Amino acid sequence: MPQIVPIRDLKNTNKISQMCHDSEEPIFVTKNGYGDIVMMSMETYERQMILADVDAKLAVAEEQIAAEKVRPARETARELREKYGI
């Protein structure tokens with residue numbers, strides 16, 4: 001369940017920093033009762049970026065498969081063995 005804090009709580013920087021490091025998810029900050037900003041630890045941010053990169057690469061791979069721009073692995077391995085005498 002996401003953590004939601006009012007913007008006035010940002011005055012206590014140590015508490016907010018600890019919340020970000022304790023949570024593996026973003027923390028939502030509200031202003032006047034409405035969503036305003038999102039905060040997270042560097043570790044959480046880096047993990048999110050890695051997952052986004054993997055998702056993007058999988059999407060490209062799925063498009064290549066759908067467009068039949070791939071070859072069977074066994075066939076490719078056989079050709080490489082023949083070419084390089086492995």
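Predicted model: local features only at pLDDT ≥ 70, side-chain atom pairs only at ≥ 80, totals over all residues.
**Whole chain**

Follow them from the N terminus, and the order is β-α-β-β-α-α. The radius of gyration is 23 Å, well over the 12 Å that the globule rule gives for 86 residues, so the chain is more spread out than a compact globule. Now turn the model to see its extent. Along the principal axes, the C-alpha atoms fill a box of roughly 70 × 25 × 15 Å.

Switch to a surface view. The chain exposes about 7,400 Å². Carbon and sulfur atoms supply 56% of that area. How many of the 86 residues count as buried? The share is 14%. Next, think about contacts between residues at least 6 apart in sequence: 23% of them join residues at least 24 apart.

**Stop 1: S41**

Select S41. Find this serine in the loop between β3 (34-39) and α2 (42-66). Is S41 buried or exposed? Its relative accessible area is 5%, under the 20% cut-off, so S41 is buried. Show side chains here. Those of S41 and T44 are joined by a polar contact of 3.0 Å. S41 touches both, leaving aside residues up to four places away in sequence.

**Stop 2: N32**

Check the backbone angle. Most residues other than glycine have a negative phi. N32 is not a glycine, yet its phi is positive, about 55 degrees. N32 is also exposed, with a relative accessible area of 69%.

**Stop 3: E68**

Select E68 next. Look for it in the loop between α2 and α3. Keep the surface on: E68 counts as exposed, at 70% relative accessibility.

**Stop 4**

Finish with helix α3, residues 73-84. The helix has 12 residues. Draw a line from its first C-alpha to its last. The line reaches 16 Å, close to the 16 Å expected at 1.5 Å a residue. While you look down the helix, keep one rule in mind. An α-helix has 3.6 residues a turn, so residues three or four places apart point the same way. What follows α3? Select G85, which comes after the helix and has a positive phi, near 65 degrees.

Definitions and conventions: Residues numbered from 1 in each chain as written. Heavy atoms only, no water. Helix = DSSP H or I, 4+ residues; strand = E, 2+ residues; numbered from the N terminus. Buried < 20%, exposed > 50% of the residue type's maximum accessible area, 1.4 Å probe, protein only. Polar contact = N/O pair within 3.5 Å; in protein donor to acceptor, adjacent residues only side chain to side chain. Contact = heavy atoms within 4.5 Å. Expected span 1.5 Å × (residues − 1). Rg over C-alpha atoms; globule rule 2.2 N^0.38 Å. Areas by Shrake-Rupley, 256 points an atom, 1.4 Å probe, with all protein chains shown as cover.
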